[in-house]
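Morning, everyone. Let me put the structure up, and then I'll walk through chain A and its interface.

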Amino acid sequence: MIHFVLLISRQGKVRLTKWYSAYSQKERTKVIRELSGLILTRGPKLCNFVEWRGLRVVYKRYASLYFCMCIDEDDNELEILEIIHHYVEVLDRYFGSVCELDLIYNFHKAYFILDELLIAGELQEPSKRTVARLVAAQDSLVETAKEQTSSITNIIAQAANTASL
Amino acid sequence: MSGPSLMDSLFQRTLEDLIKGLRQQLIGEQAFISKALEEIRKEIKSPDLSTKSTALLKLCYLSNLHFHDMSFAAFHALEVLSSPRFSHKKIAYHAISLSFHDSTPVLLLITNHLRKDLTSTNEFEVSLSLQCLSRIANVDLARDLTPEVFTLLSSNKLYVRKRAVAVVLRVFEKYPDSVRVCFKRLVENLENYDPQILSAVVGVFSELACKDPRSYLPLAPEFYKILVDSKSNWISIKVLKIFAKLAPLEPRLANRVVEPICDLMRKTGAKSLLFECVRTVVTSFSEYESAVRLAVGKIREFMVDEDPNLKYLGLHALSIVASKHLWVVSENKEVVIKSLSDPDPNIKIESLRLVMAMVSEHNVAEISKVLVNYALKSDPLFCNEILGSILSTCSRNVYEIIVDFDWYVSLLGEMSRIPHCQMGEEIENQLVDIGLRVKDVRLELVRVARDLLIDPALLGNSFLHRVLSAAAWVSGEYVEFSRNPLELMEALLQPRTSLLPPSIMAIYIQSAFKVLVFCLHTCFVRGGSTAGVSASASYESFDDLSVENGAGSTVAHGQTCTSAPITNESIVNLLKLVELALSPLLGSHDVEVQERARNLLGFVDLIKLEALNSSGQEENDSEQKGVEATKIIRLVHDAFSKELGPVSLSAQGKVPVPDGLTLNENLGDLETICSDIELPSSNTFSFGYPSEEKDVSSFSNLQIKEDSGQSNESTSLLAEHRKRHGLYYLPSGKSEVISNDYPPANDPALQGDNNDTASDLVKLTAESLVPKRKPNHSKPRPVVVKLDEADEKPVAVKHPESRDDSLSGAVRDILFGSEDILPTSSRSNLPSSNRKGKEKQHMITQVESKENVVGDGNSSSRRRKDHSHGKERRHRKKNAEERNETDRKEKESSSNHPRRQKSRQRAEEPLKVPPQTSVIPDFLL
């Protein structure tokens, strides 16, 4: 299974972390520090796998972002590379030629998309179209809710204004 | 009243504001974040859920990417969770799965929220809560929510069902009893034709099978079906993983499966699936020659591929094969060796492992030579990787593969001279260890040690200090093999030794002590005519020793005297040198160094006064004094010349506690015993009495390597004491030796009895302990002293976690259990031993019931065969065949025979039909 997913920028900034196994907050920082030291230093034309604490980390660089997934020793590394690529494609489709800034400002969306893709450390949805559809459906749910909120706050705000006047 | 919160919500920063602010801040990131956190703490208490949820979202961001603690918001997250709005729920679930852990105090409060959402009509809400459950489930949650998950397992919304399937894994893990409830439904989902569901179920089973494959053997037919029919590479990979675990347990299953896997390997174009096939074959089907050959062919393709990923995986797969089929590695030797110079360090390490796997006692010398050359050329990191693996491979199992120890010792010397070498500690250990264990190599060992010591350049390299300390110790301990002890002495006392750390300096001084004593001994006791009758005993034993060591060392011994004759003059020089080198150290800040320097200088003074003046000039006058000095030299020399053997870690435990000795008794009465010890009053400087020299020396062996003169004094006291109060000492007798595999390493009585000392002991143990392997080389392998228990690495007995136990126990109960638990699903059971005869009968009823069900639709969720399609027929036959095969084990009845053959023929059909792989849309590549 996948133990965690990390997105690290080339400068070592963390862009996304998702933990499927139990890691305490302290361990998480340690893991990220160790791994960014391990992965960011690797040259461009080397293999995409790193052994780490008896586990294996599969990473792939897209533009300035490193997508890393940590798996068990006997998991299929190539499959994980596919999953990473799959995720990137879904992101690309969702944001429309995704770039790092998209992920920075919509970090929660990147999460929600990942949640559609993976659950409990296993690939859940191999179809890009389905993921896009599901995410869109949930977005619309959120949007309608938001509209309601804003209208309500507007009303209250107006009420408050009138009251204070 | 609602004023402040209203203002808060109006002017609250959104997540985007926070991110923008964080990127543009001028006050420093930490300051900005702590300000933002302050805001969040305030906002999160707001009664308005929108404000709260936004605050929570911001907190998630900070916690996730900037690692700020968010446990204080646990309760607030629950509050947001209770919101009816989907957007709030989503944020809350996100926060909870991010921050909750088993010891979060409010974890108990979440159960009802989860339950509510699990039964919600909105599939996205259900999905959210499932997702959350998969992350935070603990025993209580898993137990309380099992019914809901059970219901969802047969939900008609695929989206929900597949998620429920994935979550079941966590629920099982945490609460094994849930298996009794959910397992059947999980198995039913194996029959589902929706690839997504199937993928999820297979994923769950592949994880489960990793932990305890045996329990899932009964499901093999289902998995087989999936393997043959699967059109999705994702699923095939998972099923292969399952078979990799199951096949070793059941040879008949392996027989069946190996062909489809090979087919898959030939047909597939997806590299990931191909690699999975290869890995499955090499891990679990290694006895199927043709399959392995096919896999090896693919591995070779991988290894020569341009893509570094494939190259790496190829090497990795090769290292799996290597454990069983070494020929494969030798066949691909060139590629492997070439990969040693790959730019990618990971590939290099992988190929290094492979090279080390090839090492055997025949080629260890050549391979080491190649590797040391590589080490010279490569970067420091990999260089040490290489050296480390050479060291660990060669020392494996007490130097099992080393035949020519002379070569190995000089290799060690060579390795420590490699510029990047940082393996000093390991080399040190091995040098000392080999010295202790292998008698025959000591000559070479001393030569290597001398070469290391004598080179002043090496003293400047701090990584080598440990090696030098071993070299110093070796040259002191085995100085009798040295060609030129005087030269050694100079090396040990050279001025640059001041660069050494004090602990190693101390070893140098101690070794110098030993060398000095040896020189004096050769000069006065051996060379001189004063060796009396009393000395002959110890003398003989020493000679015995060197004779034991074989012709080579005796010759060397002869050379010692001829090549570097130790004259009185040289001794005088030697003593001067010692005084010159050590007097500055008397003021050393390190106690150890200071003390040893004092010991040595004290000894030098003693000798100078009493021996040199006299024996040098007027022999007749101070004959008496000369004898005195000789006696001292002899005593000290005896103390040093006793051999140190390796001591088993468990040696102490093997000494039986004698009857009547209660170890826990208060030792207060020892005081009275201690008080009547009379201090030996013969001399101010006593090394013990000649009559007890054996005891003295053997006791001193109990001390660690660097026993000093003072410890000799105390051991002589001890010996004296022992003589008086033998009652309080452990009895030592022959019976002990017989009962134990290895006699206590330095048992005084034993050595006292057998005068031919440790050498016999070593022989004795070597006979019983060195494995029967008799390598027939031209040069016989020297005896390596081995202690069976101590040398086996303490293997921590791994007990599988009780949780897993209960999990697999539960699964077994379900799968193998009595019929009344699972009346309908016995089809999935391969016969277990307790069901023999019934098997066939069952199968038939199954077939019938299935035929009835065909086209029945989804009438009953409890039935497993409701997904019948046209294909069903074929599968059924295959299944029947599968059962038959297992039947054969149970009862070898002739009536069964024709039918089995028939069904086998039919079952072969689906295999012959060109599998649809060619038309499979390749999802993976």
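Take contacts in chain A between residues at least 6 apart in sequence: 47% of them join residues at least 24 apart. Keep in mind that this is a predicted model.

Now the secondary structure. Chain A has five helices and seven strands. Along the sequence, the order reads β-β-α-β-β-β-α-α-α-β-β-α.

Next, burial. Chain A has 165 residues, and 57% of them are buried. Its accessible surface is about 6,900 Å². Carbon and sulfur atoms account for 56% of that surface.

On to the partner. How many residues of chain A are in contact with chain B? The count is 65, and they meet 67 residues of chain B. Together, chain A and chain B bury about 5,900 Å². Of that buried area, 56% is on carbon and sulfur atoms. Which three residues supply more than any other three of the area that chain A buries against chain B? They are Tyr105(A), Phe107(A) and Gln124(A), with 11%.

Six salt bridges link chain A and chain B. One of them pairs Arg353(B) with Glu51(A). There, the closest N and O atoms are 3.1 Å apart.

Where does the chain A side come from? Helix α5 of chain A, residues 128-164, gives the largest share, 13 residues. By class, the side of chain A that touches chain B has 35 nonpolar, twelve polar and 18 charged residues.

Notes:
Residues numbered from 1 in each chain as written. Chains lettered and ligands numbered in written order. Predicted model: local features only at pLDDT ≥ 70, side-chain atom pairs only at ≥ 80, totals over all residues. Heavy atoms only, no water. Helix = DSSP H or I, 4+ residues; strand = E, 2+ residues; numbered from the N terminus. Buried < 20%, exposed > 50% of the residue type's maximum accessible area, 1.4 Å probe, protein only. Contact = heavy atoms within 4.5 Å. Areas by Shrake-Rupley, 256 points an atom, 1.4 Å probe, with all protein chains shown as cover. Buried area = accessible area lost by both parts, 1.4 Å probe. Salt bridge = Lys/Arg side-chain N within 4 Å of Asp/Glu carboxyl O. Nonpolar A, V, L, I, M, F, W, Y, C, P; charged D, E, K, R; others polar.
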